[in-house]
Structures are given as structure tokens and as C-alpha cells.
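Subject: Structure handover

Hello,

Here is the structure I said I would pass on. My notes on what was found in it follow below.

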Amino acid sequence: MRLAVIGVNHKTAPVELREKLSFGVDLPHAIDELKALTDGSVIVSTCNRSEIYVKLPDDLDGSDVATNSTRIQPVGLSESVQKIRAWLADFKGLALDEIAPFLYIYEDDRALNHWLRVAAGLDSMILGEPQILGQIRQAVAISRERGAMGCGFDWLTQQVFAAARVVRRDTKVGAQAVTLGFATAKLVTQIFEDPYRLTFMLVAAGEMNRLVAHNVAALGVGRIIIANRSRERAESLAAELTDMSKNANRVVQIELVPLEELDGYLSQADVVSSCSGSMNALITCDMVKSALKMRRHRPILMVDLAVPRDVEPSVGDFDDVYLYSVDDLQHVIAGNLEERKQAAVEAELLVSQLVLDIEHQMQVQTARTQIINYRQAAEIHKNRLLATALYRLSQGDSAAEVMTEFARVLTQTLTHAPSKLIRHTAQTAQPEVLDMITNTLNHAYRK
């Protein structure tokens, strides 16, 4: 199986070009067009990358050279890859010369290695981030819906998914939180046991809190309260979180409240994330003290991402309050990122081994297909010879002569290809390989 990847990412192309090469509503149409150029294709398009993974046609010229390097335009591209590269420029209405210096192109084992690194989060802007694997799954699902996944290519994508899970399971590359949203969600799981029973309050619906909301909501919290000055922005965020819940087959209750009514709802919140941009504290010691009394001292996790701070620092002195400022989380993230970098070394070694394992399985798959094709060809040839023999018998030819000729031609056919293989092996392979082949063939006729 010949695999190739053509793409750009945050390392190789500026955001302006990544925007031009991104796929959105045009992705299904792109997959349909690629079916004419490939034996299978998947397009992964995110804010940080646009990549086309393809199974190249099996009838490629064996002289094609797959030497490629990031940001250096490959010289020995296969004809199929050149066509796909030209198609990409044409599909996006760009000149090939404009995008070529920013494209990376990998073939065969390098393409497989790249795909697995991407799926495991090793090639992401945030090392080890888990979202990319879900994005690849979604891309594969679209290709499958469009009939662009041949049996072999579909099998390969499943191997990539399985290998990525092994990397994340057996290394710590994704174990520690390295974003504010992820760090907040991690704190929730460390303090509380059952996310579904929690009420999560967002104080302000700006971009930072939106990212936190996505991470915490993904845990499966049962209720979300959004306190915001602008109801329109709160409604927009509520719609996003509702869609997330539906896609995950979960039910979430979302309430929108005016920011000035924050005090009345604080006692209902188990987790609070605040990032308002207000010049004065929105959550005071008196408010928290009153809320704790109503909660009968059930704990509250408060994450204050605002500068100036939304939560009075002395709130952290309460026994039942876990208060984290943006600086607290940044210190945690810095240490965790260093741990991820160290774990990435181990992960890269594991990826290399897993690529070899998948390539070995691909060889077994290829051999199985080739054996089936070989036996089918032999069966067709046998039937052709048998039909000739039966016809001669029907015409009154001597049975002995017919059977002798049938045996002679069949034996000649059976021995021709192995004889060529033995001569070729003698010229190109190690002596032990030649011995193995000849012993195997000779043993077949000793039974």
C-alpha cells in the first residue's frame, strides 16, 4: 500500500495561507474530486493544519523517489503526488508556485510516521493535546460517507487510531494539563468524583471562559449557569455547549442569568470560572461566606482567570474553597509542559516502533491479497487447460495423449514462475534466502 500526505501546518505556513488552504463546507466536494486521483483519501483541516492523506494507486512507477523534507520542495515526487499537489492549488484557486514552498509532502513510511505523530498529538501546537484524534476520526467518517475509503485504506486508519491510543496510554505525553481550560477540567476531576452531579458557573462569557467551558462541559457536568452582561453572547455560548452535549449523547441543563444576580446563584455552584475584565472584584468574601453557609460547607472550586482579579484573594482562606488564580494555573502548566516534553522523547520512540509494526501488518495484508490473486490466476489457467483437454476428448483424441499434454503444460506453467524467482533470488538476495525458497518449493513435491 502506497501512502502519502500533502499539507501545511502552524510550523510551515503563515496563518494567511493556512486560511486559504483550509476546508470547510467544501470538504465533501473535495473528497469527491480526489476519488478520481487516489484509491482513498482523508482531509484533516483544523485551525493549525490542512492535510490530505491519500492511498496512492497501486500501479505507480517503481522508480519514483520519495525523498522529502519540510519546507524544501521535493525533487523526486511520484506522478500521482504531483497531480494531487496541482489539484490542491487548482481547487483552492491558488497558483502552485504560491503554495509549493510551504507544503510538506511525505510518502510511504514517512507519511505513516507523520500521521501517527499527528494523531498522538506530537505534532500539535500544544504538545499532546487530545482534540486532534477526534478531528481525524471526524475526517475519516466524512470520507467513509462519501465512499472514499477503500478496504485497505480504512484498515490503515484503524491501525493509526489504535497506535495513537497506545502512545497516549503508555506515555505521559498527554497526561498533564497544559492549557487553562484543560487545567481547570483536570482540577474538577481531582476535587469531585461525579461530574454529572455538578453545577458549573461561568462568570462572563468571553473567549477565555468559553475555552474553559468547552473543557469542563466535556466532562459531562449536568448543569451550567452562565452569568453575563450581554445576553446575546451568553446565548451563543449556550448554543455551543448544547450542541456539544447532543453530539456526546448527554443531557445538560443551561441557565442564563444577569451578571448583577450573581450573588443569588453562587451558592448553587460547585465550580466557578470567572474572567470578566471588571476593574473591581465581582465575588467578595461576604458573598462566598454566605454561599458556603447555604451549601452547608460543601466545597467550591473557584478559578479566577481575570486580571484585575474577579475574586477577592482572601476567599482562598476559607476551608471549603479551592481558589486558583491565573498565575497559579500558569505555574502548573509550565511544569506540566516540561513533563510533556520529556515524555515526548519516549513517545517518539514508541511511534517509530508502532510504525514498523503497522508496516509489518501491511506486508502481511499485501501478501494475503497477492496469494489470493495468484491462486485465482492459477485456477483460471487450470480451467482453460481443462476445457481444452475436454474438448479434444470430445473430438475423439486419444485419452492418453490428451492427459499427457495436459500434464506437460500444467507442469510447465507451475514451474515457470518459481524458476524465475529462484534465478532472481540467486542474483539479488542472501544465500540463506535462496536456500529457504528452494527448500520450500522442493518440499512441496515430496508429499
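In which strand does Ser-41 lie? Ser-41 belongs to strand E2, which covers residues 41-45. Please keep in mind throughout that this is a predicted model.

Two single residues

Ser-41 has a relative accessible area of 1%, and residues under 20% count as buried, so Ser-41 is buried. Leaving out residues up to four places away in sequence, Ser-41 touches Ile-31, Leu-34, Tyr-53, Val-54, Ser-143, Ala-148, Met-149 and Phe-153.

The other residue is Ala-238, found in helix H10. Ala-238 also counts as buried, at 11% relative accessibility. Apart from neighbours within four places in sequence, the contacts of Ala-238 are Ile-226, Ile-254 and Leu-256. Ala-238 and Ile-226 are 12 residues apart along the chain, and their C-alpha atoms are separated by 7.9 Å.

Helix H5 and its surroundings

Helix H5 runs over residues 109-119. Eight of its 11 residues are buried, so H5 is largely enclosed by the rest of the structure. The buried ones are Ala-111, Leu-112, His-114, Trp-115, Leu-116, Arg-117, Val-118 and Ala-119. Their cover includes strands E1 (2-9), E3 (49-56) and E4 (104-107), together with helices H6, H7 and H13. After H5 comes Gly-121, which has a positive phi, near 85°.

Two packed helices are described by the angle between their axes and the distance between the axes. For H5 and helix H6 (residues 131-145), the angle is about 120° and the axes are 8 Å apart. The two helices are therefore oblique to each other. On the H5 side the contact is made by Trp-115, Val-118 and Ala-119, and on the H6 side by Ile-132, Leu-133 and Ile-136. Sorted by class, this contact has six nonpolar residues, with no polar and no charged ones.

The largest pocket holds about 1,000 Å³ of space. It is lined by 30 residues, and those closest to its centre are Glu-129, Pro-130, Gln-131, Gln-135 and Asn-215. H6, helix H8 (180-191) and helix H9 (207-217) each supply at least two residues of this lining. H8 has the largest share, with six residues. By class, the lining divides into 13 nonpolar, 12 polar and five charged residues.

The second largest pocket has about 310 Å³ of space. Of the 13 residues that line this pocket, Met-1, Asp-58, Gln-365, Thr-366 and Thr-369 lie nearest its centre. Helix H7 (151-170) and helix H13 (326-394) are the elements that give two or more residues to its lining. H13 gives the most, with six residues. The lining of the second largest pocket divides into four nonpolar, six polar and three charged residues.

Cavities

How many cavities of 30 Å³ or more are there? The count comes to two.

The largest cavity has a volume of about 80 Å³. Its lining consists of Tyr-196, Ala-217, Gly-220, Val-221, Ile-224, Leu-241, Met-244, Ser-245, Arg-250, Val-251 and Val-252. H10, the helix that holds Ala-238, spans residues 231-247 and gives the most to this lining, with three residues. By class, the lining has eight nonpolar, two polar and one charged residues.

The second largest cavity has a volume of about 40 Å³. Ile-6, Gly-7, Val-8, Leu-21, Phe-23, Ser-50, Ile-52, Leu-88 and Leu-103 line it. E1 and E3 are the elements that give two or more residues to this lining. E1 has the largest share, with three residues. The residues divide into seven nonpolar, two polar and no charged.

Regards

Conventions. Residues numbered from 1 in each chain as written. Predicted model: local features only at pLDDT ≥ 70, side-chain atom pairs only at ≥ 80, totals over all residues. Heavy atoms only, no water. Axes fitted to C-alpha atoms, helices over the stretch in contact; angles between N-to-C directions. Helix = DSSP H or I, 4+ residues; strand = E, 2+ residues; numbered from the N terminus. Parallel < 35°, antiparallel > 145°, perpendicular 65-115°, else oblique. Contact = heavy atoms within 4.5 Å. Nonpolar A, V, L, I, M, F, W, Y, C, P; charged D, E, K, R; others polar. 1 Å grid on protein atoms, 1.4 Å probe; cavity = no way out; pocket = protein on both sides within 12 Å on 5 of 7 lines; lining within 4 Å. Points joined across faces, edges and corners; volume = space filled by probe spheres on them. Buried < 20%, exposed > 50% of the residue type's maximum accessible area, 1.4 Å probe, protein only.
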